[in-house]
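Me: I've got a model open and want to check a few labels against their definitions. Can you take me through them?

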Amino acid sequence: MKQLKPILLFVVMLCCSLPVFSQEAEKEEGGVNLKEILFGHVQDSYQWHVTDIGGHPLIIPLPIIFYSEHSGFHVFCSSQFEHEPNAELLREGPEGFYIKGAEDEKGCIVESVGGELQPVCFDISITKTVMVLFINAILLVVCILTAARWCKKHKVDDPAPKGFVGLVHMFVMSVYNDMIKPSLGEEAPKYAPYLITCFFFIFISNLMGVMPFPPGGGNLTGNITCTMFLALCTFLIVNVTGTKAYWKEIFWGDVPMWLKVPVPLMPFIEFFGIFTKPIALMIRLFANMLAGHVIAISLSCIIFIMFALGGVMGNVLGAVMTPVSVFLSIFMMLLEVLVCYIQAMVFTMLSAVFISMAHVKEHHA
């Protein structure tokens, strides 16, 4: 541990100094814009920017679907909008519509009405995040149904499956026996379908986010909207299935009377705790996955930022930092794979614990 402290301190100082180096590099022609690279990866967008080949962007166009109160429903392809924004950061499109922001930002769709730009009312576009969600959901269904098909064709006392099916079985049994059953006990079969689905969906989404090329590369669990929905599902299950004793402990717990009347101090604290649990689930998953992506990309950009400084100093720093950047990038990517499993496990385990806490039974003297 003592040997790791200097390395960790060096990594922290290096990541903190990257914005300064990046600003200096941008002053040079062809400099690296670290902010654009980072936000282009972690933010949502109306198109999927894969890479640049020969100075030309390789982009997967996505459908843009929205409703305008002035002209009704519209369906466009993102390729119909300009790739580069103008001086006002507007990407011009057909029929007087524009996309606010740069090419790698979702921004918002606005319509020119009477010379003024007004946002559209209802936007249900298939953005990059939505497309990644569909891909991950399809992969989840294929993985689970493949294992389920094997179970239908075999008996319980048959030899254990091998290969991919055996791997899926191992994960399912591990999640059920090590995470769900210890917390829920006899009620484990009732809530296992939801909790196992959460685990596999988060795990697949995390792994696909680590993959640097399509169909991966989308930072789904690093999007707070996705983690908020998952936390909301757990919140509803916890509070809808909560027992009478659970609600009694919240509003009229077994504490001294002066903590309940006339000032309801403890009921207020307990009621506030209902909402802090899903917020903790949402923020923990979102922050960990987002931070991992940002650090990994920052470390990869060190080489280009140093060489973009130019001159003898830039060449020397670039040559020195190249092996360091490659080593740290590989280390972070391997660490990210481990974090993918840990974050899925933590979300599933905490959800099981919160559900079990809501199923407390009456205490009889």
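Me: What makes the largest cavity a cavity, and what is its volume?

Reply: In this predicted model, the largest cavity has a volume of about 100 Å³. The term means a set of points on a 1 Å grid over the protein atoms alone where a 1.4 Å probe fits but cannot get out, with lining residues having an atom within 4 Å of a point. Among those lining the largest cavity are Thr234, Tyr246, Lys277 and Phe354.

Me: How do you class the lining of the largest cavity?

Reply: Eight residues are nonpolar, three polar and one charged. Ala, Val, Leu, Ile, Met, Phe, Trp, Tyr, Cys and Pro count as nonpolar, Asp, Glu, Lys and Arg as charged, and the others, Gly among them, as polar.

Me: Why is Phe251 called partly exposed?

Reply: Its relative accessibility is 41%. Buried is under 20%, exposed over 50%, partly exposed in between (1.4 Å probe, protein chains only), so Phe251 counts as partly exposed.

Me: Which residues does Phe251 touch, leaving aside neighbours within four places in sequence?

Reply: Pro267 and Phe271 are in contact with Phe251, meaning heavy atoms within 4.5 Å. Phe251 and Pro267 are 16 residues apart in sequence, yet 4.7 Å apart in space, C-alpha to C-alpha.

Me: And what makes β7 and β8 a pair?

Reply: Pairing takes at least two DSSP bridges between two strands, and four join β7 (residues 109-113) to β8, running antiparallel. Strands are DSSP E runs of at least two residues, numbered from the N terminus.

How values were computed. Residues numbered from 1 in each chain as written. Predicted model: local features only at pLDDT ≥ 70, side-chain atom pairs only at ≥ 80, totals over all residues. Heavy atoms only, no water. 1 Å grid on protein atoms, 1.4 Å probe; cavity = no way out; pocket = protein on both sides within 12 Å on 5 of 7 lines; lining within 4 Å. Points joined across faces, edges and corners; volume = space filled by probe spheres on them.
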